[in-house]
There are 2 protein chains.
Amino acid sequence: MARSSTTSDVFNAVAEASRREILDALNEGEKAVGAIATDLSMSQPQVSKHLRVLSEVGLVSRRADGRRRLYRLEPERLRPLHEWLAGYEQAWNDRLDRMDDYLQELQRQGESQ
Amino acid sequence: MARSSTTSDVFNAVAEASRREILDALNEGEKAVGAIATDLSMSQPQVSKHLRVLSEVGLVSRRADGRRRLYRLEPERLRPLHEWLAGYEQAWNDRLDRMDDYLQELQRQGESQ
DNA sequence: TTGACATATTCCGTTATCGGAATATATTGC
DNA sequence: GCAATATATTCCGATAACGGAATATGTCAA
């Protein structure tokens, strides 16, 4: 058995660097396909294809403006990512605490020289 | 030109569901390969391979214990993800605010019936 | 040393994914 | 309708990724 489709969930949609760049661009506001392509120096079909993937997972929405298609970020769709990460906050903070202890230890040692 | 390697960054490492499951398992504490395989009903080679990927991006570390290898989560390596997401907090909150306004509007309308 | 156990690696077939190029499908203005 | 502009889709070749099976490596215990 080989692997199954991936681009159909937020994690994979966001895994590609170019798609993150597109999302970053849209984070500044609604943009047309051509504008994105120009700004990021990507080919128009490339941008359209990535937008399709992003659209399929709901990370962007589209609206028509004349012959242009304006894409808009849908940030709430990042929630799965956010929530998954939240599950690691505990471990994360424990680490920072230990790091803090360690730094204080270093400082004590430095003072006693 | 075809695409270049992907599994070499945190975003892609985390993009695979089985790898997220492994990380979730390790979030409870250090575990041996076999234990993970049993808990998650994955084959041992499969687990080893995923751990290799996770290891290469620093998300897990390894220590020997007899003939076993204990893997441990390195949560601070999730930072790139965390930071990237943080860039969307603004948009995220704006959305929530607007949602809030909308709910209040609904409520006002409800009261005036 | 040998055998059992634990993990890592290699090989393989299948499929997904990417970028580029060409082409198809709107939509507008004349 | 026709040309121009804007976007989407399709076809392609190359390659990366996955899972399974077999095998290699490493470690302990008797």
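Let me begin with a convention: a helix axis here is a line fitted to the C-alpha atoms over the stretch in contact, and angles run from 0 to 180 degrees between N-to-C directions. The model I am presenting is a predicted one.

With that convention in hand, consider chain B. Helix 2 and helix 4, the latter spanning residues 44-56, have axes that come within 10 Å and cross at roughly 80°. Since angles of 65 to 115 degrees count as roughly perpendicular, helix 2 of chain B is therefore roughly perpendicular to helix 4 of chain B. Which residues of the two helices meet? From helix 2 of chain B come B:Ser18, B:Arg19, B:Ile22 and B:Leu23, and from helix 4 of chain B come B:Val47, B:His50, B:Leu51, B:Val53 and B:Leu54. By class, this contact comprises six nonpolar, two polar and one charged residues.

I turn next to the sheet of chain B. Three strands form an open sheet with antiparallel pairing, and their order is 1-3-2. Strand 1 and strand 2 (60-65) of chain B stand at the edges with a single partner strand each, so one side of each is left without a neighbour in the sheet. Helix 2 of chain B packs on this sheet and touches strand 1, strand 2 and strand 3 of chain B, its direction making about 90° with that of strand 3.

As for the pairings themselves, strand 1 of chain B is joined to strand 3, residues 68-73, by two bridges, and these strands run antiparallel. B:Lys31 has B:Tyr71 as its bridge partner, while the partner of B:Ala32 is B:Leu70. Strand 2 and strand 3 of chain B pair over six bridges, again in the antiparallel sense. Here B:Arg62 stands opposite B:Tyr71. The hairpin of strand 2 and strand 3 has two residues between the strands, and within this hairpin B:Gly66 takes a positive phi near 65°.

B:Glu30 lies in the loop between helix 2 (17-26) and strand 1 (31-32) of chain B. Leaving aside residues up to four places away in sequence, B:Glu30 touches B:Leu70, B:Tyr71 and B:Arg72.

Helix 2 (residues 17-26) and helix 3 (residues 33-40) of chain A pack at about 115°, with their axes 11 Å apart. Helix 2 of chain A is thus roughly perpendicular to helix 3 of chain A, and the crossing is right-handed. A:Glu21, A:Ile22 and A:Ala25 in helix 2 meet A:Ile36, A:Asp39 and A:Leu40 in helix 3. The residues of this contact divide into four nonpolar, no polar and two charged.

Finally, the interface. How many residues of chain A are in contact with chain B? There are 20, and they are in contact with 20 residues of chain B. On the side of chain A that touches chain B, helix 1 (10-13), helix 5 (79-86) and helix 6 (89-111) of chain A each supply at least two residues. Helix 5 of chain A gives the most, with four residues. The residues on this side of chain A divide into 12 nonpolar, five polar and three charged.

Note on methods: Residues are numbered from 1 along each chain as its sequence is written. Chains are lettered from A and ligands numbered from 1 in the order in which they are written. This is a predicted model: local features need pLDDT of at least 70, side-chain atom pairs count only at pLDDT 80 or more; totals for chains, interfaces and linings use all residues. Two residues are in contact if their C-beta atoms, placed from the backbone, lie within 7 Å. Two strands pair if DSSP finds at least two bridges between them. Angles under 35 degrees count as roughly parallel, over 145 as roughly antiparallel, 65 to 115 as roughly perpendicular and the rest as oblique. A crossing is left-handed if the near helix is turned anticlockwise from the far one by less than a right angle, and right-handed if clockwise. Ala, Val, Leu, Ile, Met, Phe, Trp, Tyr, Cys and Pro count as nonpolar, Asp, Glu, Lys and Arg as charged, and the others, Gly among them, as polar.
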